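Reader: I am new to this structure. Please show it to me, and then let me ask how its labels were reached.

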There are 2 protein chains.
Amino acid sequence: MYFKARYETLKKTWDDHYFECLGKTSLSKAPADFKDAVYYSLQAGGKRLRPVICLEMSEIYGVEFEAAIKLATALECLHTYSLIHDDLPSMDNDDLRRGMPTSHKKFGEDVAILAGDALQSLSFELVASARGGDHLTEYFAYMVGCAGLIGGQYMDIKTTDDHASDYMEEMHRKKTGYLLALSMVLPFIYQKPDISYVEIEKWGINLGVLFQIVDDILDHTSSKEKLGKSTGKDMAQNKLTYVKIYGIEKSKIMAGLLSESLKNFSQFNTSPFFQNLPLYVLNRES
Amino acid sequence: MYFKARYETLKKTWDDHYFECLGKTSLSKAPADFKDAVYYSLQAGGKRLRPVICLEMSEIYGVEFEAAIKLATALECLHTYSLIHDDLPSMDNDDLRRGMPTSHKKFGEDVAILAGDALQSLSFELVASARGGDHLTEYFAYMVGCAGLIGGQYMDIKTTDDHASDYMEEMHRKKTGYLLALSMVLPFIYQKPDISYVEIEKWGINLGVLFQIVDDILDHTSSKEKLGKSTGKDMAQNKLTYVKIYGIEKSKIMAGLLSESLKNFSQFNTSPFFQNLPLYVLNRES
């Protein structure tokens, strides 16, 4: 009960502030219809998991509110750009995202590519404007670049039948885990630049792996209506998934065990939010 | 004579150091064949105009060498990403760039999109690693984002016959001018964060406009062999160009006048390099 209410409060806080936050960036000076295309994907909704995590971490570690909103918005911009490009015809070729037509379906492929590009630079503009120092931006760039999120996307499109569990795990760690870890670590480094973030980063990456196992399960068991995106596509596109390698039952067991071990992370034994977050990720239906 | 030798010296300095510089970034940890795809576009050559300008500015204003190379490499990474995405089938659909197959022709559209994405985050990683402060990164993001370079690209793909000279000039200022201005201003802000960069930025943007007028002329008068890219495409794609609006002769006169006025910029009256740069841009054949 506490967790759900807290999650909703954090989500509402971000929902109430991100628009104003973006109004102070260069997005306000974009060509008018281009701005619409960028906002279209940002406003499509979703769980807002990354901003929510970032805001909770910011409160725990004492990041001032304005900076926290900027970091949270940077994470959502980055996430949205990765979804727009991931949905493109030459990538996953998805027509539906968060229950709405994908960016390229709505605005054309060329605009979708540019909207994604703009959201990436916007995320860096926001991180820099939070004034956390160059090391923060450098870390952000590392986590979302060719050794991080984009490296994971590359592994995803280059999957072959020869690839197995190790490859898949590295791919999911990078593709999903690095950005969730970033949502944890960004406010942490911002406030505690001299303290090691390694354990928290590891926890965040594993939360991403859990997220991905559940994603793979939902792609098999849920419906388009519930998920707001196409289902059954992983199998159709012969993607490397937990379900493909381990089957549904074993994947569910793995997810349960991972969720349990994340819950017991000692660093969060005074944080009911982070103690309950793995269970939320495990039991989500969309 | 001085100018050509100086240009070649600066170009060689960058050529000799960018590989080592990139080796210290996250690119060294990218999946091996993805790294190859990223390097393919970076190594394809070209004038290296942006690194050259950045290195000369860095020397004039006293930026230490290692930081100067990082900034120069960030600019070339950003430029290369914009070319890769600009060449995509849904954008300009170009098969040839710098005399070689474009990224998507060589590696496929999906890899080309990701290579561009990775080069953008890499450019931010490099800027941040130069340790010029958050305001430097924020400025960089502004100039390449939706109110800058990407905004210009958007205006380009949305050109209609109703658009005229004002629209075209703004488009070229953003698409080409902002990145050349960035090459001037980045080392300047790095070293002189408290001094106004407005005049230098204006000069850089106008240099970009000059570059673009010449580009439009060359697209009509040069050959694929000389340019290393397809020619005559602007007309075929009904692009808004100086030649289309003003005709070849008037475009040549405008370029000559702009080059002359840039030469006389008082702030550069002790810099033979920047005094001669407009003439180089005016008379280039590729």
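Author: Start with the two chains. In this predicted model, 41 residues of chain A are in contact with 41 residues of chain B. Contact means that two C-beta atoms, placed from the backbone, lie within 7 Å.

Reader: Which elements give two or more residues to the side of chain A that touches chain B?

Author: They are α2 (32-42), α6 (109-129), α7 (134-144) and α8 (149-157) of chain A. The largest share, 13 residues, comes from α6(A). Helices are DSSP runs of H or I with at least four residues, strands are runs of E with at least two, and both are numbered from the N terminus.

Reader: What makes up that side of chain A by class?

Author: It has 22 nonpolar, 11 polar and 8 charged residues. Ala, Val, Leu, Ile, Met, Phe, Trp, Tyr, Cys and Pro count as nonpolar; Asp, Glu, Lys and Arg count as charged; the others, Gly among them, are polar.

Reader: How are numbers, letters and confidence handled here?

Author: Residues are numbered from 1 along each chain as its sequence is written, while chains are lettered from A and ligands numbered from 1 in the order in which they are written. As the model is predicted, local features need pLDDT of at least 70 and side-chain atom pairs count only at pLDDT 80 or more, but totals for chains, interfaces and linings use all residues.

Reader: Why are the two copies said to be related as by a two-fold rotation axis?

Author: A rotation of 180° with 0.0 Å of shift along its axis superposes chain A on chain B, with an RMSD of 0.0 Å. The copies are thus related as by a two-fold rotation axis. The same surface serves both copies: 100% of the contact residues of chain A recur in chain B.

Reader: Why is A:Thr102 called buried?

Author: A residue is buried if 20 or more other C-beta atoms lie within 10 Å of its own, exposed if 12 or fewer, and partly exposed in between. A:Thr102 has 24 such neighbours, so it counts as buried. A:Thr102 sits in the loop between β2 (100-101) and α5 (103-107) of chain A. Beyond four places in sequence, its contacts are A:Asp87, A:Asp94, A:Asp95, A:Leu96 and A:Arg97. Of the 286 residues of chain A, 51% count as buried.

Reader: How do you know whether A:Asn93 is buried or partly exposed?

Author: Count again. A:Asn93 has 14 other C-beta atoms within 10 Å, so it is partly exposed. A:Asn93 lies in the loop between α4 (65-86) and β1 (96-97) of chain A. Its phi is positive, about 55°, although it is not a glycine. A:Arg131, in the loop between α6 and α7 of chain A, has a positive phi of about 60° and is not a glycine either. With 15 other C-beta atoms within 10 Å, A:Arg131 is partly exposed.

Reader: Why are α1(B) and α4(B) called roughly perpendicular?

Author: Angles under 35 degrees count as roughly parallel, over 145 as roughly antiparallel, 65 to 115 as roughly perpendicular and the rest as oblique. The axes of α1 (residues 2-23) and α4 (residues 65-86) of chain B come within 10 Å and cross at roughly 85°. They are therefore roughly perpendicular. Axes are lines fitted to C-alpha atoms, for helices over the stretch in contact, and angles run from 0 to 180 degrees between N-to-C directions.

Reader: What makes α2(B) roughly perpendicular to α6(B)?

Author: Their axes come within 10 Å and cross at roughly 75°. That angle makes α2(B) roughly perpendicular to α6(B). In α2(B), B:Ala37, B:Val38 and B:Ser41 meet B:Val111, B:Ala115, B:Ala118 and B:Leu119 of α6(B). By class, this contact has 6 nonpolar, 1 polar and no charged residues.

Notes
Least-squares fit on C-alpha atoms with pLDDT ≥ 70 in both.
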